[in-house]
Amino acid sequence: MEFLLDRAQGEFGRTVDRMLGGAHTAQVVRAWARGDHGPGRTLWERLGGIGVTALAVPETHEGVGPLPVELAVASVESGRHAVPGPLAETAAVAVLLAALAGGDAAQVDPAARHWLPRIASGRTLVTLAAADGGPYALDADAADAVFTVEGAGGEELWLAPGHGRVQPSIDPARRLARPLPGGELLARGPAVAEAAGRAADWAAFVTAAQSLGTGLALLERTVAYVKGRRQFGRAVGSFQAVKHRLADVLIGLEFARPLLYGAAVALASAGPGARAEVAAAKVAAGEAGYAAARAALQLHGAIGYTDESDLSLWIRRAGALRSAWGTPSVCRARVLAG
Amino acid sequence: MDLELTERQRAFRAGARSWLAAHVPAAPLPSLETAGGFTAHRAWERTLAAGRWSAVTWPEEYGGRGASLVEWLLFEEEYYAAGAPGRVSQNGISLLAPTLFAHGTAAQRARILPPMARGEVIWAQAWSEPESGSDLASLRSTARRTAGGWLLSGQKTWSSRAAFADRAFGLFRGHREEGAPPHRGLTYLMFPLRAPGVTVRPIGRLDGKPAFAELFLDEVFVPDEDVIGEPGQGWRVAMSTAGDERGLTLRSPGRFTASARRLVALWRERAGNSGPGGACGAGDRGASAADGLRDRVADAVIGARAYELFAYARASRPEAGSAAGAATGAESSLNKVFWSELDIALHETALDLLGPVGELADDATDAAGGGGWADGYTFALAGPIYAGTNEIQRDLIAERLLGLPRERR
């Protein structure tokens, strides 16, 4: 047993962190929220350049995956830096197309050959609407392709002809729209439903990692703030009520982390327990990230309640990620379903 | 990164499982916090020692198996899954023994560890004093130099196991220089509980068991060989033991994963949930009370799994050569708060699932048969208090792991 990141995985995380640290992501995410996708697309290409978008794409389709541990590492960093875009959906589409490629459905093979290398490169944005993730496709207005899983029992995979009006989210940088019906039918049958279930697990897994990263960023910023902010003649971070709240945030995040990597190991082996492991990670990371947001808002006071403070980018993200690709309640039911 | 067991680890686990299956008593032993139960548990420690399962991480020369921390975790998992009795030697094995490995002499280890492993000498922890709990540096019991040893005087309290145990370990104040900080001049000593000058007064606990005690010491002689580390360096020695106490070794994940499994079984039985609960993916259906309980059951399962994986991550670190080495430091405060709150949540959920009979003590004739949930609940209530209160742990986490400023005290 070696339940630790190895040297290369640790270094990969630092590489992603360094790249994103110099990328002015706060400005990128604000532009994305306005519907200006240019800076975000550029950032995705750079992420593609260091391999992030190739992690769920198999080597046979010019990816490097599936590498769930590395994907977790990169997704935590993307959450820490509030990177906008359909990261979870990208992984899900990759898993879905790769699972169906080589099957009976003639349309999937060309679709996989067409889309997977482009996804891996980071130059093409894709998104997905499937029952497990609700009726909306994230960032359909920015995407080059919108995939949908539809039909009775979720047995049809479609390439949608477009999307409806963008529906505002509590996180303005998450742009939600319903795919338009029709388009191109790529595959049909029980294999679609099965592959879509697995894809949804990957989406929940990436969302969990982003939640953890979001929480870590919120904690980091709040610790820095309460060290500097003085009231009653001393740093508010010296007050026990403040310390204890932040200690609880750290405990939540530190115990979500092993669940996330436990889920990564389960996804790597694709065993029957993977769904429950992912669900456990999703609950723990979603709740920990959300608790971090609540604490950050409270401890920053009114500053935390402003749009102009960059803190708001993470606070709103934490709330949205908590329910994306499986609400806490749905995931708890999955944990018990084993 | 993987969770695959090596062949050696699998063999170790299989060995533990088959031995436990053959030796764990069929009926639960009486509570180890009673006189009769203490005797029965002492006998169980001897049985464990005969199979060399009483202290698996110790070197073989002291009766152990030289097991790694991962192997210890596997052993504990098997131990609790088998429903084996609580460990009456735990204070000695998980607190004093790591201290002896870190700070004791070879002679002390040879003299003290084998009888500890066999349950022949059972140890109590004697740290708290009436005016000195979380603020341990303020303790006042004294060690006065005498020919060939020390004379101990003062009062210790809340000493777990002391009502029936043989010996104890604790800190005593020797000479303190004017103006020196209060943790200077403390000496770590082992002393007898059944000797002239010692009065043991059992204290009834919240659960009614006479398990812990206060100790009155009046010029109790202790030879030099029973000092651990250098005289006056007791604080440093004790702090490494405190890390062990809060770390993995006091509460292994096996205990919580076993309880979580039993909780799920209870939930399925009580709520008539033979399957997944039906609400998976439910869209527009409102939450019901049953969903609330289901969510708490799930949270207990998630918490136990988180703690298990956290322990595996800790055990995988290169520096985790021994159980003691992996447990020290401020990070052990994370463990302490996490498992103590998990334990309470787990038992509260079980009592709620039981409904009105959840209130009954386990020895009530109407109690839900053999669950042990009521005893487990009252035991869990102590978790946030002992081994350093959770308030102190949160201070440590905030100051040492987050770097927040110390509060003016």
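# Questions on a predicted two-chain model

Tutor: Chain A and chain B bury about 4,200 Å² between them, and carbon and sulfur atoms give 70% of that area. Buried area is the accessible area (1.4 Å probe) that two parts lose on being put together, summed over both. A:Met1, A:Phe255 and A:Leu336 supply 22% of what chain A buries against chain B, more than any other three residues.

Student: What are the ground rules here?

Tutor: This is a predicted model, where local features need pLDDT of at least 70, side-chain atom pairs count only at pLDDT 80 or more, and totals for chains, interfaces and linings use all residues. Residues are numbered from 1 along each chain as its sequence is written, chains are lettered from A and ligands numbered from 1 in the order written, and side-chain values use heavy atoms, with hydrogens and water left out.

Student: How many residues does each chain bring to the contact?

Tutor: Chain A brings 44 residues and chain B brings 50. Contact means heavy atoms within 4.5 Å.

Student: What makes B:Arg305 and A:Glu277 a salt bridge?

Tutor: The rule asks for a side-chain nitrogen of Lys or Arg within 4 Å of a carboxyl oxygen of Asp or Glu. The N to O distance between B:Arg305 and A:Glu277 is 2.8 Å, so the pair qualifies. The rule finds 4 salt bridges across this interface. It also finds 14 residue pairs in polar contact there, both residues at pLDDT 80 or more. A polar contact is a pair of N or O atoms within 3.5 Å; within protein, one must be able to donate a hydrogen and the other to accept it, and residues adjacent in sequence count only if both atoms are side-chain atoms.

Student: Which elements of chain A supply at least two residues of the side that touches chain B?

Tutor: Helix 7 (190-228), strand 8 (234-235), helix 8 (240-269), helix 9 (274-300) and helix 11 (328-337) of chain A. Helices (H or I, at least four residues) and strands (E, at least two) are DSSP runs, numbered from the N terminus. Helix 8 of chain A gives the largest share, 15 residues. That side of chain A divides into 27 nonpolar, 8 polar and 9 charged residues. Ala, Val, Leu, Ile, Met, Phe, Trp, Tyr, Cys and Pro count as nonpolar, Asp, Glu, Lys and Arg as charged, and the others, Gly among them, as polar.

Student: Why is B:Glu7 called exposed?

Tutor: Buried means under 20% relative accessible area, exposed over 50%, and partly exposed in between (1.4 Å probe, protein chains only). B:Glu7 has 65% relative accessibility, so it counts as exposed. B:Glu7 sits in helix 1 (residues 7-23) of chain B.

Student: Is B:Arg42 buried or exposed?

Tutor: B:Arg42 is buried, because its relative accessible area is 16%. B:Arg42 lies in helix 2 (residues 35-50) of chain B. Its side chain makes a polar contact with that of B:Asp166 at 3.1 Å. Leaving out residues up to four places away in sequence, B:Arg42 touches several residues, including B:Val88, B:Arg118 and B:Phe164.

Student: How do you know that B:Asp352 and B:Arg296 link separate parts of chain B?

Tutor: Their side chains meet in a salt bridge (2.9 Å, N to O). B:Asp352 lies in helix 9 (residues 331-354) of chain B and B:Arg296 in helix 8 (residues 289-316) of chain B, so the pair ties together parts 56 residues apart in sequence. Both are partly exposed: B:Asp352 has 42% relative accessibility and B:Arg296 has 31%.

Student: What about B:Arg314 and B:Glu331?

Tutor: They form a salt bridge, with the closest N and O atoms 3.5 Å apart. B:Arg314 is in helix 8 of chain B and B:Glu331 in helix 9 of chain B, 17 residues apart. B:Arg314 has a relative accessible area of 4%, so it is buried. B:Glu331 has 27%, so it is partly exposed.

Student: How many salt bridges are there over all chains?

Tutor: A search of the whole structure finds 48. One of them joins A:Asp144 and A:Arg41 at 3.0 Å, N to O. A:Asp144 is in the loop between strand 2 (137-138) and strand 3 (145-150) of chain A, and A:Arg41 is in helix 3 (residues 38-49) of chain A, 103 residues apart. A:Asp144, at 40%, is partly exposed. A:Arg41, at 21%, is partly exposed too.
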